[in-house]
Amino acid sequence: MSHHRFVVLGDSCAEGLDDPYPDQRHYRGWADFVAARLAEDNPGFRYANLAVRGRRLDQIVPEQVPAAARLEPDLIALFGGGNDVMSRGWDARTVARRVDAAIRACTEISPVVVTFTLSDVSRRMPLGSRMRPRIVALNEAIREAAVSYGARLVDLWPDQAVTDSRYFGADRLHLSAHGHRRLAAYVLGLLGLDHDPAWLAPLPGTAAPGSRRADLRWLVREVLPVAVTRTRNRLVGRQPGDGFHPKRPDLLPMTPDEAWAPGNA
């Protein structure tokens, strides 16, 4: 199937954190790679990215789905749920309802919807075992909703790349440039499109081994500032993502030089 209008919904991973363009002004990410590949086969192709960092599924649906519907997409990619997993007051049944509503809403406005489970990022951090049951519950809800509504699923849970720190940014949550290329390859494969085989090939060499010193540095540099910011936001009634806007709110042409096309990465 040739796709003409590709719209991406979701959170920071859909926006492209931590994969900045060389000019450091914007994030690129897997969605830009996918769009560049789709554009190669269709001169009339258009791409919009409505994702906003920090947003939960219950925010994505009322904020991003109506905007997506106005764009009349024939392909939607929805990546969300990570912020629900990390939110206070976690409740598996509530999040399952959010998942169901989000995937159902997307399938109502686009003939093809791609969605994703989360990889087991709990393995990448101290005390991550406390987060693992939440990720498992979220993924079960995503798989169930994908089957119910006919969405196509990229299941990242079994991906062993999660054990290689080079696929992730400094915060151990967001994908690095390598991670975003890998995810783009999975999406393109699901759509039946070729991609640079290097994106799925094992990285050369080995990742730096973990250590207590590295864990302490991560806690001080990455975890503590986020905890402070979230506490301050709760005190002033600010929600994660407030003040940020989609990087590509309108359907615009996408050319390979906007994101490194397959073979040029």
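Two strands pair if DSSP finds at least two bridges between them. Helices (H or I, at least four residues) and strands (E, at least two) are DSSP runs, numbered from the N terminus. The model is predicted: local features need pLDDT of at least 70, side-chain atom pairs count only at pLDDT 80 or more, and totals for chains, interfaces and linings use all residues. Residues are numbered from 1 along each chain as its sequence is written, and side-chain values use heavy atoms, with hydrogens and water left out.

**View 1. β3 and β4 run parallel, joined by three bridges.** Leu78 has its bridge partner, Thr115, in β4.

**View 2. Six strands form an open sheet with mixed pairing.** The order is β5-β4-β3-β1-β2-β6. β5 (152–154) and β6 (248–252) stand at the edges, each with a single partner strand, so one side of each has no neighbour in the sheet.

**View 3. Helix α2 (residues 30–40) is largely enclosed by the rest of the structure, because 10 of its 11 residues are buried.** Buried means under 20% relative accessible area, exposed over 50%, partly exposed in between (1.4 Å probe, protein chains only). Among the buried residues are Trp30, Phe33 and Arg37. The buried residues of α2 pack against β1 (5–10), α1 (12–15), β2 (46–49), β3 (75–79), β4 (113–116) and α7 (177–190); contact means heavy atoms within 4.5 Å.

**View 4. By class, the lining of the second largest pocket has seven nonpolar, five polar and six charged residues.** Ala, Val, Leu, Ile, Met, Phe, Trp, Tyr, Cys and Pro count as nonpolar, Asp, Glu, Lys and Arg as charged, and the others, Gly among them, as polar.
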